Amino acid sequence: MMPSIRSLSLEHKISMATFFAALCLVVCIFLLWAFFELVGIKQTASAELVSAAEKISERSVMALSTSRHGPIEHELKSANRLGVIKLACVYDSQGNVFSSLDGSKQCPELHKLEKQHWLQAVARAPIQVNNDTIGLVYLVGDISGMFWEQVHFFRWFIITVLASILLTLILKIQLSRLIVAPVNHLLDTVKKIDAGRNYSFRAKKFADDELGQLVETFNAMIATVQTQNKALIEAKNRYLLLYDDNPTIIFNVEPDGRIISVNKFGARQLIHSDRRLQGDLIFNFVHFDDRTLMEEMFGLCVKDPLRVNKIEVRMVCQDNSIIWVRGAARVIQAQNKMNILLVCEDITEARKLSEQITYQAQHDSLTGLLNRTEFDKQIQQALRSARNSRTEYALCYLDLDQFKVVNDTCGHVAGDELLRQLSVLIKSQIRQDDLFARLGGDEFGILMKGCLLTQAAITCEKIRKAIQEFRFAWEDRTFSIGVSIGIAGINSISGNSTESLKDADAACYAAKEKGRNRVHLFRPNDQELASRQGEMQWVEKIQRGIANHQFRLYGQPIVPIGHNNEGLHFETLIRYQDDAGHIVPPGAFLPAAERYNLAAALDKWVIASLFEWLAMRPGFIDKMSLCSVNLSGLSLSDETMLEYISNRFKQWEIPTDKICFEITETAAIANLSNATRAINALRDRGSLFSLDDFGSGLSSFAYLKNLPVDFLKIDGLFVKDIVDDEVDLAMVRSINEVGHVMGKKTIAEFVENERILKLLSELGVDYAQGYGIGKPVLLKDLRLINLAAKVQ
């Protein structure tokens with residue numbers, strides 16, 4: 001029954017509660033009334049019966065004493081007029097029924113007198129004579145009639161009460177609606193909110209009573225829930241954005257590698273759905289070659305849960321494409337269970353870029369061959385291999401012949417195309433395992449593993465012939481190209497990579513010296529290579545000498561012939577001071593400087609050191625008429641040289657008209673356009689120019705009119721023998737005359753004695769220089785020399 005009642009609506013429950021409460025009230029009132037009414041009737045009846053019994057007792061003394069029944073019966077009948085007596089009995093002293101109202105059969109035995117009942121009234125009265133009891137009057141009254149008569153009158157009260165209950169129920173229905181309707185509305189609102197999780201619904205307030213306060217509290221609570229729910233949704237969305245749309249691949253994995261979850265971005269990266277990945281092993285999506293690394297990392301995570309382990313592996317997508325990822329993993333605790341959080345960043349592009357950068361760092365951008373840096377590393381590995389496993393290598397140095405012709409004639413685009421085509425041609429002539437590199441410009445290197453020098457020479461000869469037969473066509477022109485190849489061996493007794501490369505370079509240079517387009521093998525006892533290596537050793541000495549100021553400046557006087565002294569005029573010369581303090585002449589290191597592109601750096605050192613020395617000695621500058629400084633052919637081609645000289649003039653405030661720059665005739669002719677530009681630029685600033693070794697060139701007079709120089713220095717090879725050789729005398733005479741016709745002053749070199757000096761005076765040469773005039777000395781030791789006495 002109780003479950004049925006629980007399932008009733010609140011309104012029905014209130015109705016039932018009201019009805020049963022009213023019914024219980026009516027029943028209780030009726031029972032109380034009946035109880036008190038019955039008690040009152042019983043008391044009244046008992047009092048009347050006691051009074052009647054006492055009267056009968058008084059009047060029955062004589063009758064009982066004389067054993068007369070009549071008077072007693074008469075008294076009993078008289079008492080019966082009360083209407084309530086049910087039983088009336090008179091007992092004698094022996095307890096026998098002496099007389100009764102309706103016969104003695106109804107009278108109980110004296111010792112069995114009935115107990116008093118609710119609807120009965122009992123009265124006893126002893127019959128006494130002189131305080132002796134001779135009998136007993138026993139009366140039993142029935143009060144049920146009187147009680148029901150009162151109940152009959154009470155039914156109208158009951159009817160009135162029931163009517164009141166009915167009216168109460170009717171009023172209750174109306175009043176309960178005032179109570180239940182707001183509750184039902186509140187309940188409906190709760191159901192709507194619960195069904196759609198829509199916290200925007202609000203309950204309607206019907207009154208300002210407790211239910212109204214409940215509705216207000218409920219609405220406030222729902223508003224709070226709505227705010228918190230909105231914040232929770234926003235937090236959830238932020239989490240989903242952070243998790244699912246995070247541009248990383250996030251795995252939650254069991255220690256055995258089984259995937260618990262993966263974010264959507266990660267699933268898209270692997271071209272899978274997140275549900276497809278869940279429950280699968282993560283190792284199934286790792287490249288086969290990297291699975292061991294992933295398994296080892298998981299083992300490290302389990303071994304040290306607090307440690308963050310990192311790894312770079314390849315992952316396989318659904319379409320079998322490969323992506324590189326950089327992963328970081330550590331153990332996390334979730335629901336008292338140990339899982340592994342793996343966050344992977346897609347580094348495919350970075351990896352490709354790194355590989356591209358690595359490739360570019362190792363390869364030549366023009367030909368795609370190995371560059372010099374990477375080739376040097378490979379040589380070092382070859383040296384280690386030769387020492388450890390006694391493997392022999394052949395190192396080949398290739399230098400193209402006539403490449404400069406193509407580059408200068410057709411431009412750099414044609415030169416680059418020629419290099420690309422020759423790279424393909426040479427590569428086709430060597431083994432697949434041989435390393436082929438471009439060392440710079442038109443120079444190449446080949447490293448042949450497990451190759452004897454004789455075998456390498458055969459291969460290089462094939463390369464030489466292939467290049468010789470090759471014809472390079474550009475626009476409407478066709479060019480033939482040659483190559484000079486030097487070969488050096490690498491074995492267990494070889495030095496370092498630099499020495500090995502120098503040996504091959506020296507052999508290549510020897511091939512060029514022998515006429516180009518040939519192959520030359522390096523031999524330790526080769527005299528040609530010994531001199532070449534001597535020059536190469538000067539490279540480091542020159543560089544160290546410039547850095548440590550081991551060069552010294554000397555000066556050799558240039559003296560006017562046949563006229564008064566103009567002041568101190570000298571040529572600046574350079575010497576090298578070795579670690580032992582010995583002075584080394586320029587013939588030992590200048591060829592190496594020219595050959596290895598160090599001449600320009602050496603010229604800059606001379607200019608900077610000379611200008612600083614002069615600036616520190618203003619008295620020396622005052623007595624100096626002119627100082628000659630040599631410029632190499634490489635300096636004429638150095639685009640930074642003119643700016644460098646101008647900056648040194650400004651820095652040390654040296655008078656430009658007291659500096660004369662000397663260039664050799666051969667350098668000027670080889671770089672005619674550059675030489676002309678440099679001469680004009682420096683002469684515009686006030687400096688002078690001298691053309692050194694004039695006469696040694698093949699077309700000296702043809703170029704002379706195009707070179708705006710101030711002095712001609714007649715080649716000393718002609719000057720030193722003019723006393724004995726008529727041809728040399730004629731050459732000196734013609735050079736001097738042509739120079740004067742063009743308005744240039746002449747200087748004779750190699751003046752070693754007075755006979756040469758006097759003959760030069762007769763020819764009209766303007767200046768003399770040589771050991772017969774004065775030897776080169778330190779600048780501080782230079783002195784004016786008067787030639788007047790010697791000439792006379």
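A residue counts as buried when its relative accessible area is under 20%, as exposed when it is over 50%, and as partly exposed in between (1.4 Å probe, protein chains only). Keep in mind that this is a predicted model, where local features need pLDDT of at least 70, side-chain atom pairs count only at pLDDT 80 or more, and totals for chains, interfaces and linings use all residues. Numbering starts from 1 along each chain as its sequence is written, and side-chain values use heavy atoms, leaving out hydrogens and water.

Start with F19, which sits in helix α2 (residues 10-59); helices here are DSSP runs of H or I with at least four residues, numbered from the N terminus. With a relative accessible area of 34%, F19 is partly exposed.

Now jump to helix α23, which covers residues 672-684. From first C-alpha to last, its 13 residues reach 18 Å, close to the 18 Å expected at 1.5 Å a residue (that is, 1.5 Å times one less than the number of residues). Which residues of α23 are buried? They are A675, A678, I679, A681 and L682. Seen down the axis of α23, these buried residues fall within an arc of 165°, so they line one face of the helix; the arc is taken from the directions from the helix axis to the C-beta atoms. The face turned away from that buried side carries the exposed S673 and D684. Just after α23, G686 has a positive phi of about 110°.

Last stop: D725, in the loop between α25 (716-719) and α26 (726-741). D725 is partly exposed, at 31% relative accessible area.

Definitions and conventions
Helix = DSSP H or I, 4+ residues; strand = E, 2+ residues; numbered from the N terminus.
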